[in-house]
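This briefing is meant to be read slowly, with the sequence and the model side by side.

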Amino acid sequence: MRRNISFGGALEEIVGYSRAVVVGPWCFLAGTTGSDPETKEIPGDIEIQIANAFKTVKRALDEAGFDLADTVRVTYYVTEAGIHDRLAPLFGKHFREICPAATYLEVAGLAYPELKFEIEITAFKG
């Protein structure tokens, strides 16, 4: 059985995607950027973008019936090169006890130039 989780954003309808898809004990979260969950504005600071992205991820997991602790795989996309050591503690704050399989990628850009961070998560409940 498949269940789509949507937040009703304009891009979800235009692009045709879900914030998360639940299939059995699995939850697949779409790439989540750091826009402010309330205002949709994109802050200039990557650390604020990361905090915002985690708020959105937690909300999506909650609506799907999952918890951040159910994360088995995470992929980080960062547009600034050479700042992994600065960002690592921000990720560890959320995943230090969970220790999911992780990939960290430095990319040339994301969907909009002001975006500096995106995260994808796969969660398993079982």
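Two strands are said to pair if DSSP finds at least two bridges between them. In this predicted model, Arg3 stands opposite Val22 in strand S2, and that position belongs to a pairing in which S1 and S2 run antiparallel and are joined by four bridges. The points below begin with the whole chain and then return to this part of the sheet.

**The chain as a whole**

- The chain contains three helices and six strands, and when it is read along the sequence these elements follow the pattern β-α-β-β-α-β-α-β-β.
- For 126 residues, a compact globule would have a radius of gyration near 14 Å, and because the chain has 14 Å, it agrees with that expectation.
- Along its principal axes, the C-alpha trace of the chain spans about 40 × 35 × 25 Å.

- Strand S2 (residues 20-23) and strand S3 (residues 26-33) run antiparallel and are joined by four bridges.
- Ala20 has Leu29 as its bridge partner in S3, while Val23 stands opposite Trp26 in S3.
- Two residues lie between the strands of this hairpin, where Gly24 takes a positive phi near 60°.

**A helix across the sheet**

**The interior**

- In soluble globular proteins, nonpolar side chains tend to be buried together.
- In this chain, buried residues make up 38% of the 126 residues.
- The largest nonpolar core has 26 residues, and those with the most contacts inside this core are Cys27, Phe117 and Ile119.
- At least two residues of this core come from each of S2, S3, helix H2 (46-64), S4, H3 and S6, and H2 gives the most, with eight residues.

**The cysteines**

- Is Cys27 buried or exposed? Buried means under 20% relative accessible area, and because Cys27 has 0% relative accessibility, this residue counts as buried.
- Once its neighbours within four places in sequence are left aside, Cys27 is in contact with residues including Ala20, Val21 and Val22, as well as Leu61, Phe66 and Ile121.
- Exposed means over 50%, and Cys99, with a relative accessible area of 59%, is therefore exposed.
- A disulfide is a covalent bond between the sulfur atoms of two cysteines. With a pair of cysteine sulfur atoms required to lie within 2.5 Å, the count of disulfides comes to zero.

Note on methods. Residues are numbered from 1 along each chain as its sequence is written. This is a predicted model: local features need pLDDT of at least 70, side-chain atom pairs count only at pLDDT 80 or more; totals for chains, interfaces and linings use all residues. Side-chain values use heavy atoms; hydrogens and water are left out. Buried means under 20% relative accessible area, exposed over 50%, partly exposed in between (1.4 Å probe, protein chains only). A nonpolar core is a set of buried Ala, Val, Leu, Ile, Met, Phe, Trp, Tyr and Cys residues joined through side-chain atoms within 4.5 Å. Contact means heavy atoms within 4.5 Å. The radius of gyration is taken over C-alpha atoms; the globule rule is 2.2 Å times the number of residues to the power 0.38.
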